[in-house]
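Trainee: I would like to learn how to read contacts between side chains and between helices. Please take one feature at a time.

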Amino acid sequence: MLKKTLALTALATVAIAGTAEARDQIRAVGSSTVYPFSTVVAENFAKTSGGKAPVIESTGTGGGFKLFCAGVGPEHPDLSNASRRIKKSELETCEKNGVKDVVEVKVGYDGIVVANSKAAKVMSVTREQVFRALAKEVPVNGQWVANPYKKWSDIDASLPAQEIEVLGPPPTSGTRDAFVELVMDAACEKLPEAKAMKDAGKEKELKGKCQSVREDGAYIEAGENDNLIVQKLDANKNSFGIFGYSFLEENADKIQGSKVDGKDPTFENISAGSYAVSRPLYVYVKKAHVGTIPGIDGFMKEFSSEKAWGEDGYLTNKGLIPMPKEERAKFAKAVAEMTVLSAGDL
Amino acid sequence: MSTAEKQMDTNTASASDIRKRKIADVVNAGLKRRYAAERRFRFYGIAAIALSLIMLVVLFVTILGNGLTAFVQTRVTMDVVVSAERIDPQGTRKREDLITGDYQGAVRDAVLALFPDVTSRKDRKDLMELFSTGAGYELQKQVMANPDLIGKTIRIEVPVASEFDMLAKGYISRTVPEAERKISDKQIAWYDALKSKGMISTGFNTTLFSAGDSRQPELAGLWGAVVGSFYTLVVTLALSFPIGVAAAIYLEEFAPKNKWTDIIEVNINNLAAVPSIVFGLLGLAVFLQFFGLPRSAPVVGGLVLMLMNLPIIIIASRAALKSVPPSIREAALGLGASKLQMIFHHVLPLAMPGMLTGTIIGMAHALGETAPLLMIGMVAFVVDIPHTPLDPSTVLPVQIYLWADSPERAFVERTSAAIIVLLGFLILMNAAAVLLRKKFERRW
């Protein structure tokens with residue numbers, strides 16, 4: 001008897017579930033860097049509008065676009081968070097699957113910091129020095145060789161005579177992508193040896209050299225959990241860590257950010273664009289869903305309001321670096337008018 | 001007997017004597033070594049147990065040390081004037097007007113009235129940072145439930161902002177330089193002023209057990225995840241127990257022993273060892289993409305965990321059926337019961353405790369699973385408490401994962417608190433399994 005009831009309930013659950021209905025709440029996917037900001041907006045939006053709170057998944061930027069571009073309809077997400085701009089190929093996939101109208105909204109900036117324990121000295125590095133410390137192969141006397149540097153002082157006498165030990169994100173992370181692009185790639189391409197390779201037409205090979213991080217133990221992949229990196233830095237004053245600005249802000253009593261190219265990773269420097277290692281954060285909206293899924297326009301309005309992304313907004317309390325005023329106005333307008341992104345803009 | 005023979009006889013006698021003595025010597029000499037080997041082995045065993053116990057103690061001590069403080073929350077009690085012009089300027093008292101009222105503004109008025117000497121805009125903003133944004137929502141909740149409160153002064157007790165909770169608990173030190181903490185000396189002075197007025201109190205953190213997820217640590221709770229876990233496990237249990245037991249009974253009692261059943265058996269044993277993420281991928285392909293079930297829903301989570309649990313339950317149930325002695329079966333058959341009657345009336349009741357134990361352990365395993373849920377979208381920020389198994393939700397271990405990755409300092413202790421809650425549920429389930437076994441197990 002009991003078993004019969006159980007089996008029946010089981011069948012009933014499956015049957016009910018089979019009839020997937022239209023959604024009454026927003027679904028967002030994408031970057032884990034934008035996740036902490038989107039979630040705050042979602043919460044505030046739900047509490048002030050009285051509706052259901054949007055469900056936000058942290059899938060990584062690339063994974064987010066894959067889900068976002070899979071099609072139009074309630075089974076596909078409405079928004080995609082991204083810690084880089086959408087790629088042309090991704091937009092093409094979108095169009096192929098019927099997602100023809102994507103609205104691009106830049107929401108702010110995020111800084112990536114190189115930090116160490118407060119117990120140690122503040123370090124001042126250039127991007128080239130970071131590249132030399134972490135690349136798999138570096139040019140020495142015109143020849144590309146496996147990274148010979150063991151200590152920071154081997155790279156430059158001004159740096160401390162301690163072992164190179166850097167904790168950073170794994171290749172699956174958007175922070176890692178951005179770090180490689182903004183630090184490693186940027187510094188590497190300026191090297192004379194790189195220019196020589198470029199002139200020799202070996203661009204692809206050069207990209208590989210510029211973007212490969214050493215695997216001999218000096219760079220330690222610490223997983224996606226940035227809190228863990230902070231704890232490890234606190235315990236070992238000789239090691240450095242790479243993570244998002246908000247973790248530096250939250251743990252300013254334990255760790256300090258290194259100067260990169262002479263600039264401190266402060267709120268002001270990142271906002272002004274003078275700190276080199278910062279990246280824009282985006283939210284992409286599926287315009288076809290606006291109107292069918294309730295609340296998307298309201299949610300985006302909340303996101304683009306001054307009380308959220310403005311200079312004193314609640315997102316800055318969570319570590320988002322706001323855009324300059326004109327840029328905020330531009331993207332607030334994009335939200336209001338739902339300006340569609342075309343492949344030509346990329 | 002010739003002398004030669006005699007000679008030989010004594011020779012052999014002495015030879016066997018010597019041999020005996022030699023064996024005794026060998027044994028005696030080896031005895032020490034063998035005892036030593038035994039002592040060594042005992043020592044290894046004790047060392048192994050001690051090591052695992054130490055690990056367990058370290059785990060519990062760190063988790064409890066980090067997490068216990070999260071069960072206490074610092075609150076501030078204040079009187080708020082629910083002014084009509086803030087809350088309901090039109091005076092309609094309608095729900096849709098009430099929801100848009102400026103509750104945060106009402107709280108702000110109350111706070112500024114407490115500190116009349118704080119006048120500059122920046123200082124006022126800093127002052128408001130002492131109070132959780134939850135204060136406005138608490139006020140909203142009370143007024144919405146009872147619109148008659150408008151125009152009256154009500155006393156609300158709300159959590160302080162998480163940074164000040166951290167200050168009260170000593171996680172943020174007052175001695176570090178001002179630039180290195182999130183809160184300023186001024187704010188600390190204001191907090192101390194509130195404290196000296198007796199407005200600060202501490203109490204059990206009910207929010208942790210009644211709220212859904214939030215990005216404000218002081219407003220974040222586990223209840224959404226607990227409900228999500230509950231729905232997920234209900235679906236898992238409702239499907240995997242009957243299917244698993246039916247499969248076990250058929251395979252053990254009815255199935256002919258041939259090549260096919262052998263293949264099935266090998267496959268079931270293999271399935272039990274498949275990494276759980278694989279079941280997540282399967283769930284994504286089958287339940288979401290083919291059947292079109294909703295993403296992030298506990299019903300899908302339950303289905304995926306059912307797949308993961310089935311082999312465990314089948315193996316445990318078969319072992320339980322096997323342990324029922326043949327005499328029971330033969331007696332039943334001998335008295336004229338049919339095979340079905342024999343199984344359902346006699347074998348199954350005796351095997352049930354073993355089956356239930358296996359099921360509970362399987363469910364405990366499912367409760368702690370995150371990897372397969374990642375693929376079906378249950379690793380998500382969900383504020384609303386799910387009301388049906390179709391609503392988006394997370395589960396407890398996912399909540400732990402999400403909190404562990406949050407930058408706010410206050411989530412560190414909440415992460416540990418969530419682990420304590422999850423461990424509590426696991427211990428309960430395992431204790432239930434042990435009790436069931438103790439109560440119903442029969443030894444033959």
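Trainee: Which residue lies over the face of Phe115(B)?

Mentor: Lys197(B) does, at 5.0 Å from the ring centre. A charge sits over a ring if NZ of Lys or CZ of Arg is within 6 Å of the ring centre and within 35 degrees of the ring normal. Lys259(B) likewise lies over the face of Trp260(B), at 5.9 Å from the ring centre. Before going on, note that this is a predicted model, where local features need pLDDT of at least 70, side-chain atom pairs count only at pLDDT 80 or more, and totals for chains, interfaces and linings use all residues. Residues are numbered from 1 along each chain as its sequence is written, chains are lettered from A and ligands numbered from 1 in the order in which they are written, and side-chain values use heavy atoms, with hydrogens and water left out.

Trainee: Are Tyr35(A) and Phe381(B) buried or exposed?

Mentor: Both are buried (under 20% relative accessible area; exposed is over 50%, partly exposed in between, with a 1.4 Å probe and protein chains only).

Trainee: What angle do helices α15 and α18 of chain B make?

Mentor: Two packed helices are described by the angle between their axes and the distance between the axes. Here the angle is about 175°, with the axes 9 Å apart (lines fitted to C-alpha atoms over the stretch in contact; angles run from 0 to 180 degrees between N-to-C directions). α15(B) is therefore roughly antiparallel to α18(B) (over 145 degrees; under 35 is roughly parallel, 65 to 115 roughly perpendicular, the rest oblique).

Trainee: Which residues does Thr359(B) touch?

Mentor: Thr359(B) lies in helix α15 of chain B and is buried, with a relative accessible area of 3%. Not counting residues up to four places away in sequence, Thr359(B) touches Leu237(B), Phe241(B) and Ile313(B) (heavy atoms within 4.5 Å).

Key: Helices (H or I, at least four residues) and strands (E, at least two) are DSSP runs, numbered from the N terminus.
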